[in-house]
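The following note is meant for a colleague who is opening this structure for the first time. Please read the points with the model in view.

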Amino acid sequence: MDSLATLASATWGGPLLVLALMLPVAALMLAFVLGGRHAERVVLATLPIGLGVAVAIAAAIIHQGAALHYDLGGWAPPLGVSLHADGLSATLLLTTAVVLCAVGLYARADFRVPPGVSEARAPLAFWTLLLAVWAGLNAVFLGQDLFNLYVALELLTFAAVPLVCLSGSPQTIAAALRYLLFALMGSVLYLLGGALFYGAYGTLDIPMLSARLASGDPIAPAALAAAALMTAGLLAKTALFPLHLWLPPAHAGAPAAGSAVLSALVVKASFFLILRLWFDVMPASLTHLAAQVLAALGAAAILFGGVLALRQARLKMLIAYSTLAQIGYLFLVFPLVANPAAAPILDLGQTPGAWTGGVLQLVSHAFAKAAMFMAAGLIAGALGHDQLRGLGGIGRVLPMTVFAFALAGLSLMGLPPSGGFASKWLLLSASIETGQWWWTLVMLAGGLLTGAYLFRVLAPALSTRGPPLTLVKPVERSRELVVLGLALCSVVLGLVPFSSFGLVQIGRLGATGIGLP
Amino acid sequence: MTQSSLLMAALGTPVLALLACLWRPVRERMLGLLVLAPLPALAAAVIALAGVGEGGRWMLDPGLLQIGLVLDRPGALLLGVAALLWGAAGAYAWTYLRGKPNGRRFAVFWLLTLTGSLGVFVAADLLSFYLTFALVSLAAWGLVAHDGTVRARRAGVVYLLLAVLGEVFLLLAFVLLAVASPGDSLAIGAVVAALPGSPWCGPTLGLLIAGFGLKAGLVPLHVWLPIAHPAAPMPASAVLSGVIVKAGIIGLIRFLPWDAGLVDWGQALTAIGLCTAFYAVAIGITQANPKTVLAYSTASQMGLVATVFGLGLAVGDGAAVTAGTFYAAHHLLAKGALFLAVGVVAATDARRLWPVLAPAGLLALGFGGLPLTGGFLAKLAVKPVLGVGLVGWLGTLSAIGSTLLMVHFLHRVAANPAPEAVASAAPGLVWPWWVMCLAALVLPWVLAPLGRLGPWSDTLGWAALWGGLWPVLIGAVLALGLRRWGERLPKVPEGDLVVLFSNAGRVAAALGDALERADGWLRRWPVAGVLLLVLALVLWGAMLAGTR
């Protein structure tokens, strides 16, 4: 297919993609070299630049109405490496940059090099790992080759795992090992799938592979096996129910900033790759039955995660199980993009609302969940614990933190006006339009459960009975503002009219249309 | 000032007051300013009702989705009386809660609820309506649970559970409406016009009636009313019963397709309404707490409004909307006033009750249709809709029931004066009550043309007066019987049907335990590892099955 090459020559802004990829890597090197107190400064100086780059990429895509493409060194695949950013990638790059900026500002107080020493283990590890996670995420969002994507995903995993055990306690190290081992099992399946693809079609470049898959009929069973293996491996990394064995213990001991990054961004990267696989690599061969299987897992996650969140004793674990449930909503996108009765295969053109709704869910959950984990971190820091039992009256001593938590909860519950509401509205509409009312019921039940577990936090927080709480540590106003800002982001998404979410569709319809008759 | 900017100010004022609450000095004083917050809405409604201009309209995007606010006749009528009650209750709240803890929190929840409550009467599109309806439903939790006692907290949980359930019904109904509507427009008129032709017409109507009926207190979803009212502080009960249940009424007015002549749904709504009207009286007379009695009376009255709407829906008659709105407007004023009276009586000693009880009795008997009260006009307005058949006869029977229930209420409220030998209510409690009392007696006469009441010679003819009087007399006689033999009635707990769910908590806990064990099992290494492989195989199978 030469359409991509012509597309590339027609668009500007390609070099921005290189910048988005290289900026965190360069910063990572610099932070390592300078070390000590400079790591933090390097991160805080780089993040705003990265945000600017992400904004520029999104602006370029909206302006041109087409995806950005760049061949590194001018070498086109299969020889060279190419970077590609469609609307979805740009949206995720932007989300990543915003969340990481907030996390960076928030984490300054937790990972400060203590006075009197030039370097400390935890701060140096945190700041460099944050850059590594950023690099991994951007590489995943921009990659165009299944093997490069594998490398990016591994980078991401290896950067995210140590974030879990920064405190160094035995429990957190056990949790990190659990995460690492399960993520590696997922990687093995992904790699196996990649090998099968390569064996059958001789390429791992997404456009070429997709073209070959579409032209050669019937599709080799090996290709289907490859897709199944890759998907399963990615599900393990996404922690979709019932493959969530690593998620609760990982969050239990991770620092608030680490949990925020993990829950808001890292699990979304593997979900993003499932989208790439299903909608870009082999749109023609992914069946409604398989889509229903994925959505059934998502539905189980919504209900199961919701009930488990209701039963947690610790605020942080409640939020962790809430992540389990919210990830479930993402997987409802697969069956909802098409009407099983009308179209033989998945076709994004049918219900663009479902696609927008899914992406909106991803983004608003990222903002809301990061805000929630960070608010929980502030509460835990101020009280010295995060037992739900002991939260009575916290609204009086930390009003802004609780307000931010409630705003994020608004979005999570899908109440208007919030990004969560817009996304649920779109997904519900799509489920009605495509005649799949059972997913409607699951989404509504999930909303009820979300409301119930948030009530468990907010009702005692607003209560004024009992003795006033004593704070073991004051909370900086600036950190509260960061959390509030992020929560507001998730709410403001819902005030933007639906029609202006065109960005997430750019590059979609064209990409799925490649090679199709 | 143009009408549309006045409409903006109606909603903008409480929002601005909320934002001002972020600033501590304002927050401290907000309780005293609550009386002012609904005044622009009152002004907007009065101007719209006076017929100056063509009613306010403010659109965010006039072309595409048509999101915005609009003020029409039924909306303006309810908005006006609602704003009046919000103002009076706000003034009452200042005296009632001054010096007690948590006044600031109360003021914030009050303003949130107020914003939503006024918003539902003017919302022009699905999204604004859902937003304001959710706001009034959920924020009222803070008013119900305000006292923080075990009872208030339980009431808050029951209230919130049912409110969220109602939200779920409505969200689904709104999505069905939006999907079935051919255009992009989300204007309520446009989507409701497409409803009779919708493939999901039946489910949509069922969900709408369930969602709005829950808010209006229709059986069997009325259970939150008698639990929430007694638990809430007095001014909050007044707005709960007066205004907040009307969010359900305006919902029915806005979202039922009046022109379509849906006979089955109309009859169903009529049946639900009549059941509510009688069931609530039957339970209400077993109650001892005057506020609980009033809550059941509210359910019963809204049952009658639903009956009127059902009859109109069946024959495709918009006149039922006018009559029902007028009836609801009178109920809003009188019920709000009576709740304020309960608080005034509770602060007055037993020997000085009559100046409060006499006008309260007039209002209370008005619900039975006592001639020359506002309730008399309300009954006359719905009479043509009820007709002379079985339903008309049942309507008269419900007037007898209402009288019985209201005499029981007067009896109960007189039994609860202030315990001190000499006590009188603070002026800050008394004058809002007098304002509402006068409004409930006088305003229906002023607003009567909006209820399409006939010429005054008919309204005040001997036939009409006697028709209004005899059910009250029969009800009063029955009330004497109730007083004599009322002890023998079974004691029904507040919220009657809710006791059926008293062990729901245990069932849920057992289910939760089971799921928690399942979680532990699923997160074991061998299980998770096997599941990973099984999942890969299942996905492969699902793809193969679809390809062949």
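1. Setting aside neighbours within four places in sequence, Pro38(B) is in contact with Ala83(B), Trp86(B), Gly87(B), Leu114(B) and Leu118(B); contact requires C-beta atoms, placed from the backbone, to lie within 7 Å. Pro38(B) sits in the loop between H2 and H3 of chain B. Helices (H or I, at least four residues) and strands (E, at least two) are DSSP runs numbered from the N terminus.

2. The model is predicted: local features need pLDDT of at least 70, side-chain atom pairs count only at pLDDT 80 or more, and totals for chains, interfaces and linings use all residues. Residues are numbered from 1 along each chain as its sequence is written, while chains are lettered from A and ligands numbered from 1 in the order in which they are written.

3. Is Pro38(B) buried or exposed? Pro38(B) is buried, because 29 other C-beta atoms lie within 10 Å; the cut-offs are 20 or more for buried, 12 or fewer for exposed, and partly exposed in between, with C-beta atoms placed from the backbone. From Pro38(B) to Phe129(B) the separation is 91 residues in sequence and 19 Å in space, C-alpha to C-alpha.

4. Helix H1 of chain B covers residues 3-20, and its 18 residues should span 26 Å at 1.5 Å a residue; the end C-alpha atoms are 25 Å apart, which agrees. The expected span is 1.5 Å times one less than the number of residues. Among the buried residues of H1(B) are Leu6(B), Leu11(B) and Ala17(B). The buried residues of this helix pack against helices H2 (24-33), H3 (39-49) and H5 (103-122) and strands S1 (57-59) and S2 (68-70) of chain B.

5. Chain B as a whole has 22 helices and two strands. Buried residues account for 56% of its 548 residues. Of the contacts in chain B between residues at least 6 apart in sequence, 82% join residues at least 24 apart. The C-alpha atoms fill a box of roughly 85 × 55 × 50 Å, taken along the principal axes.

6. Chain B is divided into domain 1 (3-501) and domain 2 (511-547), with bounds from an automatic or database domain assignment. Their C-alpha centres lie 51 Å apart.

7. The contact between the chains takes 37 residues from chain B and 46 residues from chain A. On the side of chain B that touches chain A, H22(B) gives the most, with 15 residues.

Conventions: Contact = placed C-beta atoms within 7 Å.
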